[in-house]
Amino acid sequence: MTEHVWSYQPTAGHLAGTDLTGYKVEATDGSIGKVDKHSDEVGDAYLVVDTGVWIFGKEVLLPASTVVKVDPQERKIFVDRTKEQIKDAPEFHRDKHLGDAGYREELGTYYGTGGPFGGRPA
């Protein structure tokens, strides 16, 4: 049910193989940080965003489906969530959660159609 959450939307403008490291990430209501790591893997694409001072010293994991636009000229990625929605997502710890299927399922449910914000129709 949450597989689509880990894929880029066809309209986002992301080209597989593009290095997104260092791109600024914009929520619907402002900047949330910069991409520290990302994956283009089919069905397992995501961004790890270093939030800097916004959520002091924290990183967040965003499924690729949250990306609505990639702007290579401005080096910015736009996501379809508010800062509050991202801040309220299940807490992410890179060492513990990056390869954790249970965490991925929980995050997929949060950001997907079963999430608290209704997500996007499957």
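**View 1. Histidine 38 and aspartate 19 meet through their side chains.** In this predicted model, a polar contact of 3.4 Å links the side chains of histidine 38 and aspartate 19. Look next at leucine 20: its backbone nitrogen sits 3.0 Å from a polar atom of the histidine 38 side chain. Histidine 38 itself belongs to strand β2, which covers residues 30-39. Is histidine 38 buried or exposed? Its relative accessibility is 18%, and the cut-off for buried is under 20%, so histidine 38 counts as buried. Setting aside neighbours within four places in sequence, you can find histidine 38 in contact with Thr18, Asp19, Leu20, Thr21, Tyr46 and Leu47.

**View 2. Strand β1 pairs with β2 and with β6.** Start with β1, residues 24-27. Strands β1 and β2 run antiparallel, and four bridges join them. Getting from β1 to β2 takes a hairpin of two residues. On the β6 side, things go the parallel way: β1 and β6 (residues 76-79) pair over three bridges. Which residues does lysine 24 face? In β2, lysine 24 stands opposite lysine 34. In β6, its bridge partner is lysine 76.

**View 3. Glutamate 91 and lysine 58 form a salt bridge.** Here the gap from N to O is 2.8 Å.

**View 4. Glutamate 59 and arginine 94 form a salt bridge.** The N to O distance for this pair is 2.6 Å. Glutamate 59 lies in strand β4 and arginine 94 in helix α2, 35 residues apart, which makes this another link between distant parts of the chain.

**View 5. Aspartate 80 and arginine 81 form a salt bridge.** Their side chains come to 2.5 Å, N to O. Aspartate 80 counts as partly exposed, with 25% relative accessibility, but arginine 81 is buried at 7%. Elsewhere in the model, salt bridges with shared partners join Asp36, Glu59 and Arg94 into one network. Across the protein, the salt bridge count comes to five.

**View 6. The whole chain puts the close-ups in context.** How many helices and strands are there? The protein has three helices and six strands. Reading from the N terminus, the order is β-β-β-β-β-β-α-α-α. Of its 122 residues, 44% count as buried. Now take the contacts between residues at least 6 apart in sequence: 54% of them join residues at least 24 apart.

Key:
Residues numbered from 1 in each chain as written. Predicted model: local features only at pLDDT ≥ 70, side-chain atom pairs only at ≥ 80, totals over all residues. Heavy atoms only, no water. Buried < 20%, exposed > 50% of the residue type's maximum accessible area, 1.4 Å probe, protein only. Contact = heavy atoms within 4.5 Å. Salt bridge = Lys/Arg side-chain N within 4 Å of Asp/Glu carboxyl O. Polar contact = N/O pair within 3.5 Å; in protein donor to acceptor, adjacent residues only side chain to side chain. Pairing = 2+ DSSP bridges.
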